[in-house]
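Biologist: I have not looked at this one before. Can you walk me through it?

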Amino acid sequence: MSTPQIINTPTGERLVVLAEQDYLALLERLEDQVDIQAASAVVARGEESFPLTVVDALLEGVVPVKVYREHRGLRAGELAEKVGISQGYLSEIEAGKKPGSLSVLQRIAKALNVELDDLV
């Protein structure tokens with residue numbers, strides 16, 4: 001980090017002049033701090049956070065039921081059994097061929113420990 005220059009304006013205001021790389025480094029540290037505070041707030045509220053792989057898959061358009069099932073480490077047959085549906089029906093939901101009834105999606109959400117809104 002280079003030494004900043006301090007300039008006094010005619011009105012007495014003190015300004016600090018930084019090298020652009022130093023300014024950008026400070027901005028990056030500030031962004032990191034904001035991210036850390038946001039993550040800490042999520043933990044303090046008792047909310048679950050998800051890894052980047054989950055977020056990326058959802059943003060890429062992968063069906064949420066499949067994303068959360070894989071994140072929870074369940075095989076399709078295991079989830080289907082927990083929910084009380086056939087593996088074929090679950091496969092159609094995960095492939096986006098069928099939307100799944102409200103009742104089924106509620107049971108899937110409960111089995112995956114996510115909110116119903118996370119699946120739709």
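Biologist: Which residues does UniProt list for "domain: HTH cro/C1-type"?
Modeller: The unreviewed UniProt entry lists residues 65–119. UniProt positions are given in the numbering used here, feature names are shortened, and annotations may be inferred rather than shown by experiment. This is a predicted model, where local features need pLDDT of at least 70 and side-chain atom pairs count only at pLDDT 80 or more, while totals for chains, interfaces and linings use all residues. Residues are numbered from 1 along each chain as its sequence is written, and side-chain values use heavy atoms, with hydrogens and water left out.

Biologist: How much of residues 65–119 is helix?
Modeller: The span is 62% helix and 0% strand, and its end C-alpha atoms lie 6 Å apart.

Biologist: And how many helices and strands in the protein chain?
Modeller: There are 6 helices and 2 strands, in the order β-β-α-α-α-α-α-α. Helices (H or I, at least four residues) and strands (E, at least two) are DSSP runs, numbered from the N terminus.

Biologist: What does the C-alpha trace span along its principal axes?
Modeller: About 75 × 25 × 25 Å.

Biologist: Now the core. Which residues have the most contacts inside the largest one?
Modeller: They are V65, L79, L90, I108, L112 and L119, in a nonpolar core of 20 residues. Such a core is a set of buried Ala, Val, Leu, Ile, Met, Phe, Trp, Tyr and Cys residues joined through side-chain atoms within 4.5 Å. Buried means under 20% relative accessible area, exposed over 50%, and partly exposed in between (1.4 Å probe, protein chains only). Helix α6 gives the most to this core, with 5 residues.

Biologist: What does I108 touch, leaving out residues up to four places away in sequence?
Modeller: V65, L79, V83, L90, I93 and L119. Contact means heavy atoms within 4.5 Å.

Biologist: Which residues of α5 are buried?
Modeller: In α5 (residues 87–94), L90, I93 and E94 are buried. They cover an arc of only 95° around the axis, so they sit on the same side of α5. That arc is taken from the directions from the helix axis to the C-beta atoms. Their cover includes α3, α4 (76–83) and α6 (102–112).

Biologist: Is Y68 buried or exposed?
Modeller: Y68 counts as buried, at 5% relative accessibility, while F50, at 26%, counts as partly exposed.
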